[in-house]
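Dear colleague,

Please find below the structure I promised to pass on to you. My findings follow it, grouped by region.

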Amino acid sequence: MRVFTSSQTATPADDDSIASGWMALGAVSVVFHLGLIFYGLTPALVSRPLHMALLLPWVLIYMANTPAQRISGWLLTILGIAACGYIAVNESVLADQYGFIDNYLQMAIGLFLIALALEAARRAIGWPLPLVALLSLMYGALGQYIPGSFGHPGLPLPSMVGTLTIAEGGLWGTLTGVSVSVVAIFVIFGAVLNAGEAGQGFMNLASAVAGRLTGGAAKVAVISSALMGSISGSASANVASTGAITIPSMVRLRYPRSLAGAVEAVASSGGQIMPPLMGAGAFVMVELTGTPYTQIMAAAMLPAVLYFLTVWVGINAYATRHDLKPMAESERPSAKEVLITSLFFAVPFVLLLERIFNGGYTPQYAASIAIFAGMVLLFFDVTLRFSLPGFVKRLSNAAVTAGRQIAVIGAIILCASLVVGVLSLTGLGVKVTSGILSLANDMLWPALLLTALACLILGMEVPTTAAYVICVSVAGPALISLGLEPLLAHLFVFWYALLSTITPPVCGGVFIAAGMVGENWLKVAFKAMALGIGLYIIPLAMVANPELIQLAVNPSGAVFNGLKVAMGLAAISYGVIARKALWQRGALIVTGGVLIFVL
């Protein structure tokens, strides 16, 4: 916990009281977000400002690095809570103003909330996303001075600020609603699982399934990272958690260090596309497309399986170049260990899916029930020994983790909401869409490639969910107008928003893995791009074979096309990686392309 700098001195009592304070704040955040699920309908201008108020201490004080940041963090937090409280308390009055500010106090509060959202995002994830939001705000305020088709008639400042801050748009729009009512619940779910023995259960299951195979340690990383990533929703967090176990295991077995780091970076990046949870993006997609969560989960399943299958084939291809040994038998868990530790994630996961599919509950309500089951499991350690002190410690860790992660994701979504709000107010999204269509000459495939490039560039500096939201807001309508189904267009953009996790020059997952393995990051990146080649090809394969995402409505067609694409991806992966003659590699790549895009 970053509370004291090296220049400060804290007594044990101080440390305990500070830690207790963050645990209590985390518990308040957990209770608030779970309570919204069971309480019933709460006005958006109440729940969403309170959500922002709860995240401010985490990003402005908890994450402060210097005394100056901490002092300013306290001041901004106090003022921010007061401003959010004003919105919540006056909800009924503000709702009747329809987004138009009518006094100086409201203008001051509105401008402050916008600046606060930018600063919170800056402290949480750095400058890039706030700069994008700031540029969009400047366009909203000054766009009437831009000549040509990309200008706009002008927005009265009271109307613009009011729409973004005192109405159900901008800061309090649908994206923030998703953060409040869905994303936060699944973040709590992941925090509870990670506080217990679920992580060890993932590792043990993966070791039992793949540890004895050629390249077993690498394949354990693939399976465990797929399982862990589906609940963490963060490639970087996934690398740091599972990589702490899998990377040293691969290094001990004399895997090339660059390969060990690449395997973990690629596997961890795929966690965000792996159902059932898929991080925060799946729930944002529910809101933006109006598609039920269960349908999105079914649509995403086959492409995700194909991604990890391609990584698996890539590991086998590297095995032809290096002696990739299986895990030693002494490092593999016993059947009893696998069974016991698997219960810690299997029970909540099965309950979650059963309540969604069989019970007919909403994902957030089902997740709430699974959270309570996960909390009960916190009473037990890996040997199933009951421990009340252990429960308190694990639950406290879960509260702090949940509070912090809800805050970081919330800060990102609030900032991205400003961008979406300005796009809506000014019509810029429609103009960019027209520009894409014009550059692509109204042809689908050039438009897809332009969209992919935009996703890669934006994703280099912006978190995946925010990159997806911004890109799909401007490019999604263009793709849909060219004939793509809305869900397919959103999945295409979402996948390509992940490109920057393994693609230079900015590749967060690779940087972390390279640091953990002690290898040059470029070497890790090149191997990661080869192993993760499915990330570049599968979105295009979904467009060429739309049945891939129709598992729920056309299972036979989906499976047939999945097998065809799987063979093509295997051929391409083997052709890129395996040590073969150049003509053989070329033939494999061409054959794979024909299988995916022609047949």
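Two residues are said to touch, or to be in contact, when heavy atoms of theirs lie within 4.5 Å. Please bear in mind that this is a predicted model.

Gln97 is found in the loop between helix H4 (91-95) and helix H5 (104-125). Not counting residues up to four places away in sequence, Gln97 touches Asp102, Gln106 and Ile166. A polar atom of the Gln97 side chain also lies 2.9 Å from the backbone oxygen of Phe100. Is Gln97 buried or exposed? Its relative accessible area is 14%, and because buried means under 20%, Gln97 counts as buried.

Next, the surroundings of helix H2. Two packed helices are described by the angle between their axes and the distance between the axes. Helix H2 covers residues 44-62 and helix H17 covers residues 388-426; their axes come within 8 Å and cross at roughly 105°. Angles of 65 to 115 degrees count as roughly perpendicular, so H2 is roughly perpendicular to H17. On the H2 side, the contact involves His51, Met52, Leu55, Trp58, Val59 and Tyr62. These meet Val400, Gly403, Arg404, Ile406, Ala407, Val408, Gly410, Ala411 and Leu414 in H17. By class, the residues of this contact of H2 with H17 divide into 11 nonpolar, three polar and one charged.

The axes of H2 and helix H8 (residues 174-195) come within 10 Å and cross at roughly 70°, which means that H2 is roughly perpendicular to H8. Here Ser47, Arg48 and His51 in H2 meet Thr174, Thr176, Gly177, Ser179 and Val180 in H8. The residues of the contact of H2 with H8 comprise one nonpolar, six polar and one charged. His51 is listed in the contact with H17 and also in the contact with H8.

With helix H3 (residues 67-89), H2 packs at an angle of about 175°, the axes being 9 Å apart. H2 and H3 are therefore roughly antiparallel to each other. The H2 residues in this contact are Leu45, Val46, Pro49, Leu50, Met52, Ala53, Leu56, Pro57, Leu60 and Ile61. Their counterparts in H3 are Gln69, Arg70, Gly73, Trp74, Leu76, Thr77, Gly80, Ile81, Cys84, Ile87 and Ala88. The contact of H2 with H3 has 16 nonpolar, four polar and one charged residues.

Thr176 is found in helix H8 and, at 1% relative accessibility, counts as buried. Leaving aside its neighbours within four places in sequence, Thr176 is in contact with Arg48, His51, Gly170, Leu171, Ile413, Leu414 and Ser417. Thr176 and Trp445 are 269 residues apart in sequence, and their C-alpha atoms are 33 Å apart in space.

I turn now to the aromatic residues. A search of the whole structure finds 18 aromatic pairs. One of them is formed by Tyr307 and Trp495, an edge-to-face pair with 6.2 Å centre to centre and 80° between the planes. This pair links distant parts of the chain, 188 residues apart: Tyr307 is in helix H14 (residues 293-319) and Trp495 is in helix H21 (residues 486-496). Tyr307 is buried, with a relative accessible area of 1%, and Trp495 is buried as well, at 2%. Elsewhere, Phe38, Tyr361, Tyr365 and Phe372 form one aromatic cluster.

Helix H23 (residues 521-531) has Val524, Ala525, Ala528, Ala530 and Leu531 as buried residues. What do the buried residues of H23 pack against? Their partners are helix H12 (257-270), H14, helix H22 (508-517), helix H24 (533-544) and helix H25 (555-577). At the start of H23, a side-chain oxygen of Asn520 reaches to within 2.8 Å of the backbone nitrogen of Leu522.

Finally, an exposed position. Val350 lies in helix H15 (residues 335-357) and has a relative accessible area of 55%, so Val350 is exposed. The C-alpha atoms of Val350 and Leu164 are separated by 40 Å, the two residues being 186 residues apart along the chain.

With kind regards

Key
Residues are numbered from 1 along each chain as its sequence is written. Side-chain values use heavy atoms; hydrogens and water are left out. Axes are lines fitted to C-alpha atoms, for helices over the stretch in contact, and angles run from 0 to 180 degrees between N-to-C directions. Helices (H or I, at least four residues) and strands (E, at least two) are DSSP runs, numbered from the N terminus. Angles under 35 degrees count as roughly parallel, over 145 as roughly antiparallel, 65 to 115 as roughly perpendicular and the rest as oblique. Ala, Val, Leu, Ile, Met, Phe, Trp, Tyr, Cys and Pro count as nonpolar, Asp, Glu, Lys and Arg as charged, and the others, Gly among them, as polar. Rings of Phe, Tyr and Trp (its six-membered ring) pair if their centres lie within 6.5 Å; planes under 30 degrees apart count as stacked, over 60 as edge-to-face and the rest as tilted. Buried means under 20% relative accessible area, exposed over 50%, partly exposed in between (1.4 Å probe, protein chains only). A polar contact is a pair of N or O atoms within 3.5 Å; within protein, one must be able to donate a hydrogen and the other to accept it, and residues adjacent in sequence count only if both atoms are side-chain atoms.
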